[in-house]
Amino acid sequence: MANSALEVVGLILTLIGLIGTAASTGMPMWRVTAFIGENIIVFETRFEGLWMNCFRQANIRMQCKVYDSLLALPPDLQAARGLMCCALALGGLGLLISLLGLQCTSCIENNDRAKRLVLIIAGTMIIMACICVLIPVSWTGHVIIRDFYNPLLIDAQRRELGEALYIGWVASAFLFAGGCMFICCNLQSEDKVSERYVYSRTSDYMAYPPQPLQPQQLVLLPQQQPQFQPVLSRHPSTNYSYNSRYPSVHSGVAYL
């Protein structure tokens with residue numbers, strides 16, 4: 001029952017992380033204009049995202065333009081596009097696969113080992129999605145901070161961390177927590193005794209622990225002596241030397 005509750009919690013965390021990843025991928029607020037030094041034009045804000053550039057004037061009107069060429073983008077932006085798309089694919093597949101192995105679902109019946117294996121695979125895919133989110137977000141943040149303190153750049157070329165980066169970091173944390181829950185709840189030692197189930201058409205499944213074998217004491221039975229029984233034969237026997245209380249006919253004739 002505890003594992004089932006943890007699996008539901010992991011599913012919810014993974015879903016929240018996947019929504020945050022999708023939001024971070026689509027938002028243009030990866031790089032924001034920095035208002036420092038002589039850059040006092042605060043009525044116009046520029047946002048740079050993975051897919052478009054946006055300008056907002058006086059917090060009222062926003063205009064966006066999609067990038068014309070992929071090859072003209074910087075390398076970190078190109079890599080961020082691919083990794084974020086991979087993160088969405090891995091997270092979505094991991095979420096769908098985890099639905100098959102949950103204890104509250106009946107997609108896989110009477111096979112707990114297969115359910116555990118499915119959830120471990122789903123957790124691994126979710127953690128891989130977390131890594132794919134964490135790499136471009138952290139890389140872009142590093143580039144922004146490096147350029148911000150670069151003395152060769154003017155103030156108008158410097159950027160600050162946008163909201164999409166913070167959402168990406170939080171989403172990666174949710175994905176990591178969800179994947180770890182799926183994996184840790186289903187890792188069981190091979191030495192642990194598994195429960196056995198008895199199936200009955202008129203009753204529910206019942207679990208019983210295996211009974212230990214008790215040593216039995218060997219009992220020696222007394223052997224009976226073989227008894228000799230007379231054997232009948234068709235051929236007359238000439239041996240009459242046996243003891244008897246009654247005289248035979250031959251002994252009477254010999255006496256006479």
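Helix H2 (residues 75-101) packs against helix H3 (residues 112-148) at an angle of about 160°, and their axes lie 8 Å apart. Axes are lines fitted to C-alpha atoms over the stretch in contact, with angles from 0 to 180 degrees between N-to-C directions. H2 and H3 are therefore roughly antiparallel, a term for angles over 145 degrees. By class, their contact has 23 nonpolar, four polar and two charged residues; Ala, Val, Leu, Ile, Met, Phe, Trp, Tyr, Cys and Pro count as nonpolar, Asp, Glu, Lys and Arg as charged, and the others, Gly among them, as polar.

This is a predicted model, in which local features need pLDDT of at least 70 and side-chain atom pairs pLDDT 80 or more, while totals for chains, interfaces and linings use all residues. Residues are numbered from 1 along each chain as its sequence is written, and side-chain values use heavy atoms, without hydrogens and water.

The chain has five helices and seven strands (DSSP runs of H or I, at least four residues, and of E, at least two, numbered from the N terminus). Their order along the sequence is α-β-β-β-β-α-α-β-α-β-β-α. Of the 256 residues, 29% are buried, meaning under 20% relative accessible area with a 1.4 Å probe, protein chains only.

Thr-21 is part of helix H1 (residues 2-26). Thr-21 counts as buried because its relative accessibility is 1%. Beyond neighbours within four places in sequence, Thr-21 is in contact with Met-84, Ala-87, Leu-88, Val-133, Ala-171 and Leu-175, where contact means heavy atoms within 4.5 Å.

Technical notes: Buried < 20%, exposed > 50% of the residue type's maximum accessible area, 1.4 Å probe, protein only. Parallel < 35°, antiparallel > 145°, perpendicular 65-115°, else oblique.
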